Amino acid sequence: MTITSDEKRRRINEVLKLLHLDKEQNIKPTSKELKKKTSIAMELVTEHPILFLDDPTTDLDLTTTTDIISVLRRVSEKGRTIIFSINQPQYSIFSVFDSLTLVASGKLIFHGPAQDALGYFQSAGYKYENHDNPADFFLDIINGGFSNILGTKEDGRDVDKYEDLCKRQHQVTGELANMYTHSKLYRETRTKLDQLLGEQKLERVSAVETTCITALWHQLGWIIYRSFKNLMGLTQDTVKQAVITVILATAVGITFHVLKNDCIEVQMRAGLLYLLTVFQCITRVSAGELFVIDRVRFRHEHTSGYYSVSSYFFGKLLAELIPRRLLPSTIFTLITCIITGVQTSLNCFFSMICTVMMLAYAASSLSLSVGAGKNTVAVPTQFVTIYFAFMLFFSGLSLYSGSFLPTLSWIQYINIPHYGFKALLHNEFLGQNFCPEHNTEISRCPNYVMCIGDEFLMTQGIDVSSWGFWENHLALVCIMIILLTITYVRLLQVKILEVLRSWGRNFLQLFK
């Protein structure tokens with residue numbers, strides 16, 4: 001917060017130039033090379049004293065790999081510590097390492113100066129050829145390629161090659177780990193660590209506790225800004241969604257307009273509202289991906305102190321959920337009502353839009369609560385789809401039977417579409433008369449024609465008072481609050497689990 005805009009821009013330009021990204025700025029990275037460099041740039045620009053990287057050279061060509069390693073080397077020469085994992089590096093890359101750690105099967109095989117690693121293994125009896133790559137030499141040792149030194153070679157016995165390899169690797173790993181624990185390097189490292197732990201024991205703080213320097217409003221503003229920017233980058237998808245919505249709404253509107261019949265006007269109007277309910281529910285199934293797609297980035301940025309869980313949660317809801325759900329719902333409802341010729345007052349129209357929004361957000365909240373914290377979208381999507389299919393089926397039954405079946409009446413209390421559908425019916429039919437005076441068409445109808453909207457509401461078991469409308473809105477609000485709270489708690493699980501693990505490590509440290 002204390003850094004000026006000029007200083008921020010200077011840092012950004014330096015990092016862009018350092019990673020040769022100055023010609024690639026202000027675009028979304030798509031290639032693996034750009035994604036790797038962008039991830040590194042995000043860490044370099046904050047100027048932390050220690051930089052952790054997980055396999056920064058994987059799936060990159062030799063030129064790009066060498067370029068990234070040289071950049072990291074220049075950064076380390078400025079006094080910053082670079083720690084990263086790497087598998088089978090080239091000799092030119094290995095030669096720039098200051099410190100080397102070898103790990104196999106979760107066991108520490110070596111840790112110390114990189115230039116001392118060859119001498120360490122040679123002193124143990126391993127022969128190193130000058131033309132060998134040190135990294136390949138170490139991996140060959142770990143994988144049991146030199147097991148004859150440790151006396152694990154089979155003498156003339158024909159054993160299964162795979163089982164033989166696994167046994168040799170397991171035995172070699174144990175021998176190498178044991179050899180290191182008795183080495184001088186291990187004792188020196190242990191002495192340094194014990195000294196550091198002793199100094200920090202009285203004021204030790206959990207390493208996973210997230211501290212956000214910036215204010216909540218600052219974090220919220222940038223999350224909203226980034227979400228809108230990402231949304232603008234999906235212009236084609238947004239346009240396609242709008243076009244499909246317009247076509248579908250037009251088709252539905254024309255169908256109901258052509259089938260318009262004064263004898264069944266009430267039933268047709270109720271069927272139209274039921275279709276509106278179906279559309280709001282089915283199109284909200286995909287809302288569960290909101291927190292799944294960015295799960296990895298959220299965990300990284302949150303634990304790095306970029307923002308808190310609350311700012312991320314509300315920022316994503318405000319910037320992505322509301323605009324992406326508001327536009328299709330409004331377009332579909334508006335076009336359908338205009339084409340079908342629904343005659344309603346301005347007040348009733350806005351009440352309908354409000355009800356549609358409440359239904360859409362409550363349905364989206366269900367998808368979010370099920371999908372938050374998951375690694376994949378498929379399972380939550382299937383669950384939500386099945387839920388809405390059953391709930392819409394029961395709502396359709398209640399439309400034609402007048403009420404829920406007695407044995408299934410409890411379902412209405414957990415039925416999100418039911419609350420939205422009842423509110424739409426109340427708003428549309430209250431005080432309406434669908435049989436204009438002197439209408440000769442009505443007298444020709446073969447069956448009894450229901451003309452009064454209040455009469456239809458009573459047959460559906462809907463209270464015709466104002467509370468009959470607002471009780472459904474209250475139910476949707478309560479459902480939405482409960483489901484969003486569940487979503488927020490599930491996002492907090494990442495932080496809670498890491499803190500619990502840290503407490504467990506601290507507790508075990510007391511007995512060492």
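So, is Phe 298 buried or exposed? Phe 298 is buried, with a relative accessible area of 3%. I'll come back to that residue in a minute, but first, a word on what we're looking at.

This is a predicted model, so let's talk confidence. The protein averages a pLDDT of 79, and 82% of the residues score at least 70. Strand β2, residues 81-85, is where confidence is highest, at a mean of 91, and helix α18, residues 440-443, is where confidence is lowest, at 52. Then there's the stretch over residues 146-159, where pLDDT is below 50. That stretch does have 20 contacts in the model beyond near neighbours in sequence. Still, where pLDDT is low, the predicted coordinates should not be read in detail.

Okay, back to Phe 298. Phe 298 lies in helix α13. Leaving out residues up to four places away in sequence, Phe 298 touches Thr 303, Tyr 307, Val 309, Tyr 312 and Leu 491. And if you want a distance to check, Phe 298 and Ser 308 are 10 residues apart in sequence and 9.8 Å apart from C-alpha to C-alpha.

Helix α2 covers residues 32-44, so that's 13 residues, and the span from first C-alpha to last is 18 Å, close to the 18 Å expected at 1.5 Å a residue. Which residues of α2 are buried? Leu 34, Lys 37, Ile 40, Ala 41, Glu 43 and Leu 44 are; note that Lys 37 and Glu 43 are on that list. The cover over those buried residues includes α1, β1, α3 and α13.

Why might some of those be spaced the way they are? An α-helix has 3.6 residues a turn, so residues three or four places apart point the same way.

Next, helix α10, residues 235-258. With 24 residues, α10 reaches 34 Å end to end by C-alpha, again close to the expected 34 Å. The buried residues here are Thr 245, Ala 249, Val 252, Gly 253 and Phe 256, and they pack against α11 and α14.

Now for a helix pair. Two packed helices are described by the angle between their axes and the distance between the axes. For α15, residues 346-371, and α17, residues 416-429, the axes come within 10 Å and cross at roughly 180 degrees. Anything over 145 degrees counts as roughly antiparallel, and α15 and α17 therefore run roughly antiparallel to each other. On the α15 side, the contact residues include Met 352, Val 356 and Leu 359; on the α17 side, they include Ile 416, Pro 417 and Leu 424. What's the make-up of that contact? It divides into 11 nonpolar residues, four polar and one charged.

Gln 88 has a phi near 50 degrees, positive in a residue other than glycine. Gln 88 lies in the loop between β2 and α4, and counts as partly exposed at 49% relative accessibility. Ser 105, also not a glycine, has a positive phi of about 55 degrees. Ser 105 lies in the loop between β3 and β4, and at 68% relative accessibility Ser 105 counts as exposed.

Definitions and conventions:
Residues are numbered from 1 along each chain as its sequence is written. This is a predicted model: local features need pLDDT of at least 70, side-chain atom pairs count only at pLDDT 80 or more; totals for chains, interfaces and linings use all residues. Side-chain values use heavy atoms; hydrogens and water are left out. Axes are lines fitted to C-alpha atoms, for helices over the stretch in contact, and angles run from 0 to 180 degrees between N-to-C directions. Helices (H or I, at least four residues) and strands (E, at least two) are DSSP runs, numbered from the N terminus. Angles under 35 degrees count as roughly parallel, over 145 as roughly antiparallel, 65 to 115 as roughly perpendicular and the rest as oblique. Contact means heavy atoms within 4.5 Å. Ala, Val, Leu, Ile, Met, Phe, Trp, Tyr, Cys and Pro count as nonpolar, Asp, Glu, Lys and Arg as charged, and the others, Gly among them, as polar. pLDDT is the predictor's confidence in each residue, from 0 to 100. The expected span of a helix is 1.5 Å times one less than its number of residues. Buried means under 20% relative accessible area, exposed over 50%, partly exposed in between (1.4 Å probe, protein chains only).
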